[in-house]
Amino acid sequence: MVLEFREAGIYCPAADVYIDPWRPVARALITHGHSDHARAGHGRYLATQSAAPVLRHRLGEIALQTAHYGEVLRIGDAEISFHPAGHVPGSAQIRVAVGGEVWVVSGDYKTVDDGLSEAFEPVPCHCFISECTFGLPIYHWPDAADLAAQINGWWAQTRAKGQTAVIGAYALGKAQRVLRMLDPAIGPILTHGAITATNDVLRAQGIALPTTVAVAPGMDLKPYRGAMVVAPPAALGSAWMRRFGPVSTGIASGWMQLRGVRRRRGADRGFVISDHADWAGLNAAIAATGAERVFVTHGYTAPFARWLGERGYQAGIVQTAFDGESLDAGDGAGVAA
Amino acid sequence: MKDFAALVTALDQTTRISLKVAELADYFRTAPEDDRIWTVALLSGRRPRRSITTTKLRLWAAEAAGIAPWLFETCYPVVGDLSETIALILPAPQGRIETSLSGWIADLRALDGADDAARRAFVLRAWDGLPPVERFVFNKLITGGWRMGVSQKLMTRALAEATGVDQAELTHRLMGDWSPDNTNWAGLIMGHDPAASLSRPYPFALAHQLDLAPAELGDRANWLAEDKWDGIRGQLIKRGGDHYLWSRGEELMTDRFPEAAAIAAALPDGTVIDGEVLAWDHAMGRPLGFSKLQPRIGRKTVPKRLLADAPALIMAYDLLEWQGDDLRARPFDTRRALLAEFLRDLPETVPLRLSPAIVADDWAGLAAMRAKARDRGAEGLMLKRLGAPYHAGRRRGDIWKWKLDPLTIDAVMIYAQAGSGRRATLYTDFTFAVRDGAAFVPFTKAYSGLSDAEFREITGWVRAHTTDRFGPVRAVRPELVFEIAFEGIQASPRHKSGVALRFPRMLRWRRDKPVAEAASLDDLKAMLAQFG
């Protein structure tokens with residue numbers, strides 16, 4: 001086997017490396033900077049050059065080697081290369097070739113170009129190890145222009161009522177996508193500390209973001225009534241929110257596709273924005289690899305593997321410690337998964 | 001249907017009552033009258049008769065989406081709502097059909113005589129011509145079961161705001177068995193219908209649970225105490241020579257309780273009585289348990305054996321209309337005196353009784369009578385202020401229910417199932433068991449009583465401790481103990497444990513209790529012997 005599934009994570013015996021391991025290992029290849037994929041405590045790290053600043057920001061001083069997209073590295077008996085996954089800036093699929101057999105680990109991915117992350121490229125392979133966070137045919141993402149219009153419409157409406165709009169979005173990836181959808185002509189844009197920090201890292205590597213104001217302790221927020229505040233989802237119900245006075249809240253997440261989740265989450269608005277592939281995206285991506293074997297890792301694994309099996313793939317399920325897209329602890333990620 | 005879909009979206013997008021009322025009122029002011037009246041009907045639980053089965057809908061939707069039925073059935077519990085599942089799963093529409101809400105309802109009803117092929121063609125064409133929210137609404141018109149976060153009370157408030165008609169008056173107008181087929185906006189809402197339905201009941205007065213010391217209610221002499229009977233709250237109407245028996249849920253029960261005809265025969269025209277329908281043990285002079293009444297609720301016609309087994313009796317609480325006069329503004333003691341006087345002369349054979357006043361000089365004496373309510377087949381006491389009018393709906397101050405504390409038992413969770421609607425992604429529906437040696441015997445289900453945070457925590461636990469799956473149900477390791485509260489316990493041969501509980505719910509999660517300390521089957525049987 002080119003890759004094996006071990007206690008510590010996905011392992012390549014030919015190269016003696018792990019991919020996104022969840023237990024400390026000597027050498028780890030990292031697909032992207034989200035915390036369920038890039039964990040602390042490994043001996044050495046290897047990731048894309050554009051993922052490196054965020055990894056250093058989140059993990060501190062680590063022994064990190066970087067690679068360009070498409071650059072082939074020889075490690076032991078394996079040829080290893082990173083290819084754009086379209087998930088967040090710097091995210092990659094990892095291609096591993098041993099003796100002419102090619103396997104690809106998708107990490108997290110989306111097939112739609114968000115204009116922020118390096119756009120997804122299908123990588124032909126024999127065996128594809130795919131996430132399937134949204135692997136049910138009820139998930140179809142609306143197009144970006146539609147979403148931008150929804151968010152800006154909500155912001156303008158909120159501002160007209162003298163309220164501040166607060167949108168919950170992941171600090172890495174989602175937040176910047178939302179920022180780039182916002183129309184700065186409507187009003188000022190504020191950011192929560194966690195997002196400010198990630199923005200600084202991404203701006204320093206040349207990613208263009210609209211002008212934002214960092215929310216600081218003790219700051220006078222009166223002049224910012226009617227602003228748009230971008231914050232991590234967890235901040236939405238917290239004491240941190242009180243400083244803004246009357247607000248309207250929104251959440252940007254693929255789970256907002258479901259009316260029940262929207263209502264339970266209790267936000268005023270839900271925007272269906274995900275950095276994972278929807279049903280059509282997953283199916284298109286898998287077909288484009290030409291793979292005959294597919295392992296699914298996290299998400300609706302059981303039904304998705306069965307679906308693939310019925311379509312002639314040799315499909316299996318791998319238990320991993322990846323979260324996919326979570327709204328909060330014990331939430332979202334599919335009761336049927 | 002565009003404007004109605006916009007209303008649904010707007011109502012979905014806010015949790016604030018005032019905004020919901022404003023959105024609804026705006027719709028009631030601007031939408032076409034036929035759509036308005038249908039909206040009122042739908043929001044008060046009246047839906048067009050189902051012309052297409054949900055089984056068919058599921059099959060057609062799976063076909064249209066190009067997926068196997070098993071995959072559709074996997075999606076359904078994730079979404080938690082059939083109409084929404086279908087709306088999400090279908091490919092994007094290719095056309096655009098502009099038909100009004102009432103237009104769609106008329107089209108659906110025109111399918112009544114059509115064959116399957118015609119129904120299928122109609123539904124597929126609709127799906128292909130409607131954007132997602134309208135698709136969802138269209139499906140809801142077929143399946144029913146609207147949950148739009150709009151209570152009838154909230155809708156009535158919006159109607160009052162839009163029309164200027166008094167809210168209490170509107171509440172009354174909306175009662176009973178109207179449908180957009182036999183009335184219209186002007187007749188029902190604006191009240192221009194002189195022959196306003198004779199069958200229309202009054203809004204029920206409802207009580208809050210007493211949450212203060214009874215002494216705080218003041219002078220005992222200002223209050224009437226009676227047993228809180230555990231049957232079906234109902235309103236018996238005799239007008240224009242006909243009679244109608246309504247449940248509190250505004251269901252017409254006249255045919256289910258032929259006993260009501262015998263009572264009505266003894267009533268003069270223009271009489272409305274508020275009371276409790278009970279299954280009565282005439283030999284013992286006390287109610288049979290609620291489980292005896294239960295088989296009579298579900299059926300439209302009652303077999304003779306059941307009539308003999310569980311004869312119904314109405315325990316009268318109040319007189320709302322007498323000789324055609326609405327008495328609701330009069331003080332309770334006046335209404336009750338009239339009722340008592342009339343009932344005094346009624347022959348024993350007519351199954352209508354005055355709910356007896358509980359005699360006790362002071363609050364302490366009343367508390368002692370309350371403690372013995374179970375012996376009388378009641379679940380506690382009701383306290384009613386003698387000088388109070390008959391209020392519409394639930395209002396604090398003049399009527400209180402003073403129920404007994406529930407019975408409780410510590411039980412072990414053995415199965416979990418996801419909830420629906422708002423709780424679709426959480427495990428909220430649990431099956432509980434008692435110990436029987438090394439085995440666990442299921443005896444009840446419960447869905448409510450925990451906080452969202454607890455349900456979230458348990459959902460994580462369920463995922464990690466699943467031992468088996470049966471469709472949407474997961475068997476879990478028998479490790480979590482919950483205190484289950486319930487109002488009554490009765491023998492039931494239909495249940496594996498041999499008992500059925502009344503109103504079971506989770507009182508608390510007993511994190512402190514090991515499974516070994518949960519109740520045993522013997523404990524449960526002992527409760528049955530004592531309280532059954």
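Visitor: Which residue stands opposite B:Thr408 in β19(B)?
Guide: B:Ala485. Strands here are DSSP runs of E with at least two residues, helices are runs of H or I with at least four, and both are numbered from the N terminus. The model is predicted, with local features needing pLDDT of at least 70 and side-chain atom pairs counting only at pLDDT 80 or more, while totals for chains, interfaces and linings use all residues. Residues are numbered from 1 along each chain as its sequence is written, and chains are lettered from A and ligands numbered from 1 in the order in which they are written.

Visitor: How many bridges pair β14(B) with β19(B), and in what sense?
Guide: Six, antiparallel. β19(B) covers residues 481-486. Two strands pair if DSSP finds at least two bridges between them.

Visitor: And what joins β19(B) to β22(B)?
Guide: Four bridges, with the strands running antiparallel. β22(B) is residues 505-509. There, B:Trp509 is the bridge partner of B:Phe482.

Visitor: Switching to helices. Is α5(B) mostly covered or mostly open?
Guide: Mostly covered. Eight of the eleven residues in α5(B), 69-79, are buried. Buried takes 20 or more other C-beta atoms within 10 Å of a residue's own; exposed is 12 or fewer, partly exposed is in between, and C-beta atoms are placed from the backbone. Among the buried ones are B:Leu71, B:Phe72 and B:Tyr76.

Visitor: What do the buried residues of α5(B) pack against?
Guide: Elements from both chains. Chain A gives α7 (301-310). Chain B gives α4 (54-65), α6 (82-89) and β14 (407-418).

Visitor: Which residue just after α5(B) takes a positive phi?
Guide: B:Gly80, at about 90 degrees.

Visitor: On to chain A. How many helices and strands?
Guide: Seven helices and 19 strands. The radius of gyration, taken over C-alpha atoms, is 20 Å, close to the 20 Å from the globule rule for 337 residues, so chain A is as compact as a globular protein of that length. That rule is 2.2 Å times the number of residues to the power 0.38. The C-alpha trace spans about 65 × 45 × 30 Å along its principal axes, and 52% of the residues of chain A count as buried.

Visitor: Where are its domain bounds?
Guide: Domain 1 is 4-138 + 275-317, and domain 2 is 144-271. The bounds come from an automatic or database domain assignment. The C-alpha centres of the two domains of chain A lie 29 Å apart.

Visitor: Which residues touch the most other members of the largest nonpolar core?
Guide: A:Val178 and A:Val230, in a core of 148 residues. Both domains of chain A give residues to this core, so it lies between them. A nonpolar core is a set of buried Ala, Val, Leu, Ile, Met, Phe, Trp, Tyr and Cys residues joined through C-beta atoms within 7 Å. A second, separate core of 48 residues includes B:Trp223 and B:Leu339.

Visitor: Last one. Why does A:Val17 count as buried?
Guide: Because A:Val17 has 24 C-beta neighbours inside 10 Å. A:Val17 lies in β3 of chain A, residues 17-19. Leaving aside neighbours within four places in sequence, its contacts include A:Cys12, A:Leu29 and A:Ile75.

Definitions and conventions. Contact = placed C-beta atoms within 7 Å.
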